[in-house]
Amino acid sequence: MGKAKTGFKVAFVGSECYPFVKTGGLGDVMYALPRALIREGCSVRVILPLYNCIPQKYKDQMKYVGSFMMDQTMEGRTFYVGIMEIEMEGVIYDFIDNREFFDWGNPYTGLWEDIPKYCYFSKAALAILNYMEWYPDVIHCHDWQAALVPLYLRTKFWNCPLKDSKSMLTIHNLRFQGICGIQHLKYWSGLPDGLFDYPVFKQNEDEANMFKGGLAYADAITTVSATYAQEIQTPEFGEHLDAHLRYHSVRMKGIVNGIDTEIWDSSTDKLLAAPYDVTDVLEKKWVNKEALREQLGLSRENGGKMVFGLVSRLTDQKGLDLVDAIFPQIMDGNTQVIVLGTGDPRYENAFRYYEDKYKGDVCAYISYNEALAHRIYAGADAFLVPSLFEPCGLTQLIAMRYGTVPVVRETGGLKDTVLPYDAEKNEGNGFTFDRYTPELLLKAVNEAKTLFFTDRPRWDAMVRRNMEKDVSWEQSAKQYLDFYKELKA
């Protein structure tokens, strides 16, 4: 049973949401956080584009709410805005229907086409709230695709009931900002000329930055971890917006993501060889480990080998150059490594090479396989997440929930969620390293191995401790709700 309604109303505006459309972590947040807020007693609507790629089974459940024409662009061209609606588990999803913008197939096509699409989407999101006479306390916008909402709210919608709504803009990954020619954005947004100067949109003499403008006008800014909130105010991680973010930092807060603990639950996971909980993890994890090794053709002659898992996009961001640099030193005859993912051919080929070189002890599964991901989380002993930067990171949270010890770099959400092991106090959740060097990653890996092979009772205590750690969305939802209320106070 959910809590009694608090009367607090939140509208989410973003470009993707599981299960309708998802390309990354944003889709997970747009799905999980609204459901957690419903359990806290809020009323929540999620506003999304009605992309052509949304599965037909969901389109068949949608009901038509209404439609109208909306002016857009500098010259006031009018465009159709349709509203299709579906309700799931208490959350209302409103899809903005316009074939001209959203009938392309995939959510993201190319920046030149995406700029008009998300200018229209940001304005239409406010327009449909106005049309439905549903006035939220907070309009929670996500990434650059929804970054114009705070600006439209304070300009085009300043004289309607929505003017009392507060805007929040969440940075999931600052690397993507919606940068384009000033004239292109000026034309498609139809926003006043005064906004296209350096304090708001202007990036340089020729370019405008949608994210920069939204961050300037939002009533509050959040990022997906407290450490990432600090990191993006530095030149190293600020993606050329560090000075802008330092200026607006008084309105910024980092709130770490959670994971969906219904999907990621080792005790009910039907994809596992042997589901388990904290009471029988040691015996059942062994069963899952053996099943995983058998499925992937890894050698089972030495049953005591330590298995490291890596489930990731194979890109530079994920620290794979460090893994590549130390791989031969990891392979000591007592270690096996399983890699699942796709990405940069450089890394795909490197891991294939290691699979061939260390036959029976390395598996490079260069593909996307959801079922196998679940089995790696359950069957591996330790989990590698040596990212160069990581706004939040979910894989380390899933690994801990499945009793798999993370080895991570101290950056972003990894630093906020993995407490380094302390031998003296016998506490901590995993093994960590700070500076981005292969030597320090190898040191952390070796520390994990040493504990695993020489002090199994302490390793097993960490496994149980991790499974009991609260990595759900409930804590994050409470923090968001407190911040919403602070905004409205």
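**Note on the predicted model**

1. I330 lies in helix 11, which covers residues 320-330; helices here are DSSP runs of H or I with at least four residues, strands are runs of E with at least two, and both are numbered from the N terminus. This is a predicted model, in which local features need pLDDT of at least 70 and side-chain atom pairs count only at pLDDT 80 or more, while totals for chains, interfaces and linings use all residues. Residues are numbered from 1 along each chain as its sequence is written, and side-chain values use heavy atoms, with hydrogens and water left out.

2. With a relative accessibility of 3%, I330 counts as buried, a term that stands for under 20% relative accessible area, whereas exposed stands for over 50% and partly exposed for values in between (1.4 Å probe, protein chains only). Apart from neighbours within four places in sequence, I330 is in contact (heavy atoms within 4.5 Å) with T335, V337, V445 and K449. From C-alpha to C-alpha, I330 and F308 are 9.8 Å apart in space and 22 residues apart in sequence.

3. The largest nonpolar core has 101 residues, of which F20, Y93, F95, I96, L185, F201 and Y484 touch the most other members. Helix 4 (residues 111-132) supplies the largest share of this core, 12 residues. Such a core is a set of buried Ala, Val, Leu, Ile, Met, Phe, Trp, Tyr and Cys residues joined through side-chain atoms within 4.5 Å. A second, separate core of 70 residues has W264, A380, Y402 and L440 among its members.

4. Helix 7 (residues 210-217) is largely enclosed by the rest of the structure, because seven of its eight residues are buried; these are M210, F211, K212, G213, G214, L215 and A216. At the start of helix 7, the backbone nitrogen of F211 has a side-chain oxygen of N209 within 3.0 Å.

5. E410 sits in the loop between strand 16 (405-409) and helix 15 (412-417), and its 28% relative accessibility makes E410 partly exposed. Not counting residues up to four places away in sequence, E410 touches K415, T432, F433 and D434. The side chains of E410 and T432 are joined by a polar contact of 2.6 Å, where a polar contact is a pair of N or O atoms within 3.5 Å; within protein, one must be able to donate a hydrogen and the other to accept it, and residues adjacent in sequence count only if both atoms are side-chain atoms.

6. Y80 belongs to strand 4 (residues 77-88) and is partly exposed, with a relative accessible area of 33%.
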